[in-house]
Amino acid sequence: CRDDHHKALMKTADLDPRHNYVLGFHPHGVLVVGAFANFCTNTTGFTQLFPGITSYLLMLPLWFRAPFFRDYIMCAGLIPSDKESASYLLSRQGGGNAVVIAVGGAREALDAHPGTYNVILAEKKGFIKLAMEHGAHLVPVFSFGENEVYDQFENPRGTWLRWIQDHLQSIMGISLPLFHARGVFQYSFGLMPYRKPINTIVGRPIRVEKIEKPTAEELDVLHQLYMDELNNLFEEHKGNYGVDKDTHLNFV
């Protein structure tokens with residue numbers, strides 16, 4: 001996934017730099033490769049596609065406790081995935097800030113197997129509430145190929161491996177998918193991602209009115225609209241990336 005022709009970022013609409021945005025990134029994949037490449041580097045031309053917008057990818061606070069690694073990820077524009085950090089950016093006057101959230105998180109990483117399109121979103125409403133509290137427009141993002149760049153050992157629910165992984169995730173907040181792909185000089189086994197394309201599509205922004213204390217009903221309405229827009233984005237573009245017409249997103 002290191003060659004330029006192996007990853008691409010595409011937009012379906014402009015993002016007005018006078019507004020702030022919450023971008024929901026789906027699916028998480030094993031290592032969120034597409035989100036890092038597209039929103040933490042300018043490899044795929046984010047600043048040219050969206051002039052005046054600065055993107056910040058949220059990452060679990062745990063990683064910011066590691067010396068040296070913390071400095072590396074902060075230089076790349078990552079911020080801790082706590083509410084204070086995201087709120088600080090979204091409350092900035094003048095707009096031009098885009099907070100990118102891999103909504104499915106650590107749990108979704110455990111379901112990141114090639115050929116699967118499971119999206120953990122049905123009960124995920126925290127990012128919707130965050131957008132409403134700040135009047136930040138919501139933007140669905142789908143990354144075709146995100147689940148294809150690594151193989152993961154089979155871990156269906158009910159197996160001892162999945163039980164251990166779920167247990168560790170509930171304690172530590174991070175998941176530990178057992179993944180493999182290729183080596184540096186051979187293609188049979190290693191931790192380098194497979195040379196497969198990742199195509200990330202940024203959807204149309206959903207206008208969000210600022211409501212500092214949204215009701216449960218207001219939250220549900222916007223959450224459903226977001227799910228519908230993400231589903232439409234997937235259906236509209238899946239044929240371009242080798243996804244079968246009978247394959248649909250599975251909201252978990």
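Is D166 buried, exposed or partly exposed? D166 is partly exposed, since its relative accessible area is 30%. The cut-offs here are under 20% relative accessible area for buried, over 50% for exposed, and partly exposed in between, with a 1.4 Å probe and protein chains only.

Some ground rules before I go on. This is a predicted model, where local features need pLDDT of at least 70 and side-chain atom pairs count only at pLDDT 80 or more, while totals for chains, interfaces and linings use all residues. Residues are numbered from 1 along each chain as its sequence is written, and side-chain values use heavy atoms, with hydrogens and water left out.

I'll stay with D166 and go through the salt bridges. A salt bridge means a side-chain nitrogen of Lys or Arg within 4 Å of a carboxyl oxygen of Asp or Glu. The structure holds 12 of them. In one, D166 meets R162 at 3.2 Å, N to O. Both residues lie in helix α7, residues 160–172, and they are four residues apart, about one turn of the helix. R162 has a relative accessible area of 2%, so R162 is buried. Salt bridges with shared partners join D111, R157, R162 and D166 into one network.

Two other salt bridges. The side chains of E236 and R204 meet at 3.5 Å, N to O. That pair links distant parts of the chain, with E236 in helix α8 and R204 in the loop between β10 (198–202) and α8, 32 residues apart. E236 is partly exposed at 46% relative accessible area, and R204 is partly exposed at 38%. E212 and K210 meet at 3.9 Å, N to O, and both of these residues are exposed.

Next, the rings. Which residues form one aromatic cluster? They are Y117, F142, F144, F234 and Y241. Rings of Phe, Tyr and Trp (its six-membered ring) pair if their centres lie within 6.5 Å; planes under 30 degrees apart are stacked, over 60 edge-to-face, and the rest tilted. The structure holds 11 aromatic pairs. For F142 and F234, the ring centres are 5.1 Å apart and the planes are at 70°, so this pair is edge-to-face. F142 lies in strand β7 and F234 in helix α8, so the pair ties together parts 92 residues apart in sequence. F144 and F234 are stacked, at 5.6 Å centre to centre and 15° between the planes. Here too the pair links distant parts of the chain, F144 in β7 and F234 in α8, 90 residues apart. F142 and F234 are both buried, F234 with a relative accessible area of 0%. F144 is buried as well, at 3%.

There are also charges over rings, counted if NZ of Lys or CZ of Arg is within 6 Å of the ring centre and within 35 degrees of the ring normal. The charged end of K11 sits over the ring of F50, 5.7 Å from its centre. K196 has its charged end over the ring of Y194, at 5.3 Å from the centre.

Last, helix α6, residues 126–134. Its buried residues are F127, I128, L130, A131, M132 and E133. Among the elements covering them are β7 (137–144) and α8 (216–237), with contact taken as heavy atoms within 4.5 Å. After α6 comes G135, whose phi is positive, near 65°.

Technical notes:
Helix = DSSP H or I, 4+ residues; strand = E, 2+ residues; numbered from the N terminus.
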